[in-house]
Amino acid sequence: MENKNDRKGAIKKLKLLTFGSKSNVDTFRAKLDEGFKTVFLPNGVERTEYKYGNVECDVLAPEIYSSNRVMLYIHGGSFVGGSRLTYASFCASLATKCFCRVVVPEYRLAPAFPFPAANEDIQNVFKSLFTEEQIACSLNAEKGAKPQLPEIIIAADSSAAPIACSLIFNLRERYRSCIKQVILFSPWLDVSECSKLIQTKKISDEVMSGDVLRKSSSIYTYESNTKSPMVSPLLAGDDSLQNFPPVFIQMGEKEILLDDAKEFAFNLQNAGNECVLDIWPNMMFMFQMADEYLHESHLALDKVGKVVTEGTMDKAAVQIENKPKLEHSLKSEA
């Protein structure tokens with residue numbers, strides 16, 4: 001286990017990801033980039049720039065990767081911050097663990113570009129990426145053999161979870177069928193006025209707070225839009241959730257966001273989909289991004305790597321019963 005100083009260091013770093021009522025947009029972005037940037041990418045990962053759908057992206061390629069597997073990573077940052085620079089190290093580690101290339105788009109951010117600008121950018125990136133991967137699979141196919149379909153993984157964290165879900169809600173079946181998995185880290189799933197996290201004046205954990213959700217969502221879009229499943233996927237009905245790709249949600253036991261994740265997992269399963277909620281004891285919001293402080297960060301990404309490469313999700317991670325929200329029975333496994 002981590003010692004006390006390690007935990008304090010992790011929390012201090014992870015708080016850089018949250019945009020609260022006392023934050024200034026420019027200062028927040030600068031501190032976030034400065035706090036997470038790295039000079040050298042880990043494990044010999046190569047970074048190249050490429051435009052998908054007219055959006056600048058980083059393509060992170062590990063030394064060994066599966067040619068038909070690619071991850072589209074949508075970065076968080078409270079709707080107003082985050083960048084390819086902020087997430088380069090974390091996504092390079094994901095690329096290595098998952099033996100795949102990782103595409104990180106520099107999508108437009110609020111307040112200059114409020115909802116649905118980010119959703120539109122990610123949709124354009126996905127369709128362009130899908131087309132290129134489909135062509136590559138055809139070219140790589142042996143003569144006379146049926147080409148493999150591209151294997152696309154959608155991953156996102158925190159405020160980017162609604163953008164990832166919105167992408168899937170809007171995709172036609174031919175696109176959706178190529179999404180092997182959706183991986184969500186500490187997702188924000190409800191920023192509507194009816195959310196208990198928005199309504200409760202003083203609610204927080206070691207990193208996140210209701211204030212962060214309120215301030216971030218108010219800059220991201222009008223309150224009238226926050227009940228849309230495109231902004232708050234927890235409010236999506238069964239029709240929207242039908243034929244959703246398998247979902248793996250990884251988060252800490254200490255998060256105020258956990259109840260919403262339990263409910264979302266229940267909703268997905270109730271609609272006939274596969275969803276695993278992987279809860280890490282004693283861990284906080286986005287602990288995976290504090291790997292210099294927490295040993296669990298490395299273990300958690302190892303687990304994500306197994307989920308992606310082995311193609312099966314660990315159903316022992318969490319058992320969700322057919323009960324209302326606050327009565328879910330869960331078993332955690334690190």
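1. A pocket here is an open set of grid points with protein on both sides within 12 Å along at least five of seven lines. Keep that in mind for the next points. The model is predicted.

2. Start with the largest pocket. About 320 Å³ of space lies in it. Its lining is made of 18 residues. Nearest the centre of this pocket are Lys15, Leu16, Thr18, Gly20 and Ser23.

3. Which helix gives the most to the lining of the largest pocket? Helix α2, residues 25–36, does, with 4 residues. By class, the lining of the largest pocket holds 6 nonpolar, 7 polar and 5 charged residues.

4. Now take the second largest pocket. The space in it is about 260 Å³. The second largest pocket is lined by 18 residues. Ser89, Phe90, Ser93, Gln288 and Asp291 lie nearest its centre.

5. α2, α3 (84–98) and α11 (295–310) each supply at least two residues of the lining of the second largest pocket. The largest share, 6 residues, comes from α3. The classes in the lining of the second largest pocket are 4 nonpolar, 9 polar and 5 charged.

6. Next, the cysteines. A disulfide is a covalent bond between the sulfur atoms of two cysteines. How many disulfides does the model have? The count is 0. The cut-off is 2.5 Å.

7. Cysteine 165 is in no disulfide either. The nearest cysteine sulfur belongs to cysteine 275, at 9.8 Å. Is cysteine 165 buried or exposed? Cysteine 165 counts as buried, because its relative accessibility is 1%. Cysteine 57 is buried too, at 0%. Buried means under 20%.

8. Last, look at histidine 75. Histidine 75 sits in the loop between β3 (69–74) and α3. Its relative accessible area is 0%, so histidine 75 is buried. Leaving out residues up to four places away in sequence, histidine 75 touches Gly81, Gly82, Ser83, Tyr87, Pro105, Glu106, Tyr107, Leu109, Asp157 and Ala160.

Terms used. Residues numbered from 1 in each chain as written. Predicted model: local features only at pLDDT ≥ 70, side-chain atom pairs only at ≥ 80, totals over all residues. Heavy atoms only, no water. 1 Å grid on protein atoms, 1.4 Å probe; cavity = no way out; pocket = protein on both sides within 12 Å on 5 of 7 lines; lining within 4 Å. Points joined across faces, edges and corners; volume = space filled by probe spheres on them. Nonpolar A, V, L, I, M, F, W, Y, C, P; charged D, E, K, R; others polar. Buried < 20%, exposed > 50% of the residue type's maximum accessible area, 1.4 Å probe, protein only. Contact = heavy atoms within 4.5 Å.
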